[in-house]
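Hi everyone, thanks for coming. Have a look at it first, and then we'll go through it together.

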Amino acid sequence: MTGMRAAVLYGKKDIRIEEVEKPSAGPGEVVVQIKAVGICGSDVHYYEEFRMGKTYEMVEPQILGHEPSGIVVETGEGVTGIKPGDRVAVEPGETCGCCRHCKSGHYNLCGDVRFLSTPGNKGAFAEYLVIGADMVFPIPDRMSYEVASLSEPLSVGIHACELAEVKPGDRLMILGGGPIGIMAAAAALAFGVTDITLGDIQENRLQFAREHCHVKHTVNTGELKTEEIVERFTGGEGFDCIIETSGAPVADYMSVDLVRKGGRISLVGIPKDEAVQFHIFDIIDKEVTLKGVFRYANSYPLAIQILDSRVIDFDAVITKRFELEETAEAMDFALNHKMESVKTVIVNAK
Ligand SMILES: [Zn+2]
Ligand SMILES: [Zn+2]
């Protein structure tokens with residue numbers, strides 16, 4: 001076999017760099033030489049627990065990583081429009097294409113998805129990856145592979161903005177200043193929203209948002225009462241939209257108090273507990289629209305445009321880099337420095 005190096009997760013906190021079979025391109029597929037892969041919160045969960053929540057349990061050794069970018073090195077039979085040498089961002093979820101969700105454009109809801117780095121689906125912490133040619137999107141020459149790897153979390157931010165129906169003139173509050181909160185801010189700016197308040201309980205995250213993300217206000221949500229936040233930043237009316245990215249149950253609960261009558265809330269952050277409290281009376285009384293956000297659909301071309309527009313300082317979002325050989329160290333770093341570090345990426349310079 002022709003081999004390649006890959007970082008294989010064998011169990012909790014057990015990653016080994018191994019020689020595995022190098023994939024080749026079947027009909028309609030391309031092989032991408034991986035240049036950069038962002039480490040996502042879900043990768044860290046799998047690394048720590050060998051599972052994520054109740055639903056996703058690893059049963060065999062697994063290659064993680066689902067935020068890749070790289071260069072196309074091989075194309076299979078019938079592939080047109082993509083050629084070896086193309087620099088691309090890779091969308092990680094191949095779907096059936098036939099079900100009602102796929103056919104209506106909401107393929108993120110497809111029940112038959114093969115999403116990189118979920119149980120049974122090899123991920124991108126490797127030298128090469130094979131994937132359908134329709135899952136790779138060319139990036140501009142001037143865009144670094146590292147920034148291109150942000151297409152995935154930025155897609156989540158775009159979808160959160162779409163579902164919260166953010167539009168120019170809105171007052172938007174983003175709860176949580178981690179990578180997804182930052183990407184939601186970038187998407188909202190690109191959607192023409194200028195009045196963005198970002199809330200977190202970590203001062204360093206608020207500082208990062210002020211310095212690099214062009215948000216109008218930041219607020220330590222642990223220090224101010226909800227009414228005070230509403231009064232200070234919206235004159236008492238409430239925010240037009242809330243995007244909740246922290247996954248903290250208290251933030252879910254707060255979002256209903258922060259939103260104005262008739263406002264929209266989109267929930268992205270996944271709480272540890274399956275059930276969290278909402279004030280149902282207020283949701284009804286205020287006619288609040290509450291939407292869950294699961295991944296994204298048809299967002300990569302827009303994500304790449306937004307990254308290229310540099311609406312925020314995307315380079316600054318990449319706070320730490322490791323080589324493929326150092327994947328275990330990278331995961332430990334991402335696990336132990338969640339608050340100080342924004343995005344850790346695995347880079348493949350060779
Ligand atoms: Zn991700
Ligand atoms: Zn489908």
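Before we start, one definition that we will need: a residue is called buried when its relative accessible area is under 20%, exposed when it is over 50%, and partly exposed in between. And please keep in mind that this is a predicted model.

Let's begin with the charged side chains. How many salt bridges does a search of the whole structure find? The count is 18, and I'll show you a few of them.

Take Arg 171 and Glu 237, whose side chains form a salt bridge with N and O 3.3 Å apart.

Asp 200 has a relative accessibility of 7%, so it counts as buried. Arg 205 is at 16%, and therefore buried too. Coming back to Arg 171, shared partners join it with Asp 195, Lys 216 and Glu 237 into one network of salt bridges.

My next example is Glu 127 with Arg 5, a salt bridge at 3.2 Å from N to O. Arg 5 lies in strand S1 (residues 3-11), and Glu 127 lies in the loop between strands S10 (114-115) and S11 (128-132), 122 residues apart. Both of these residues are buried.

Let's turn to the nonpolar side. The largest nonpolar core has 54 residues, and Leu 154, Leu 172, Ile 243 and Phe 314 have the most contacts inside it. Helix H5 (residues 179-190) is the biggest contributor, giving eight residues. Where does this core lie? Domain 1 (3-149 + 313-347) and domain 2 (156-292) both give residues to it, so it lies between them.

If you zoom in on Leu 172, you'll find that its contacts include Val 166, Ala 188, Phe 239 and Ile 243. Asp 195, from our salt-bridge network, is also one of the residues that Leu 172 touches.

Finally, another core lies apart from that one, with 44 residues, among them Ala 7, Val 20, Ala 25 and Tyr 46.

How values were computed: Residues numbered from 1 in each chain as written. Chains lettered and ligands numbered in written order. Predicted model: local features only at pLDDT ≥ 70, side-chain atom pairs only at ≥ 80, totals over all residues. Heavy atoms only, no water. Salt bridge = Lys/Arg side-chain N within 4 Å of Asp/Glu carboxyl O. Helix = DSSP H or I, 4+ residues; strand = E, 2+ residues; numbered from the N terminus. Buried < 20%, exposed > 50% of the residue type's maximum accessible area, 1.4 Å probe, protein only. Core = buried A, V, L, I, M, F, W, Y, C linked by side-chain atoms within 4.5 Å. Domains from an automatic or database assignment. Contact = heavy atoms within 4.5 Å. Lists of a residue's contacts leave out its neighbours within four places in sequence.
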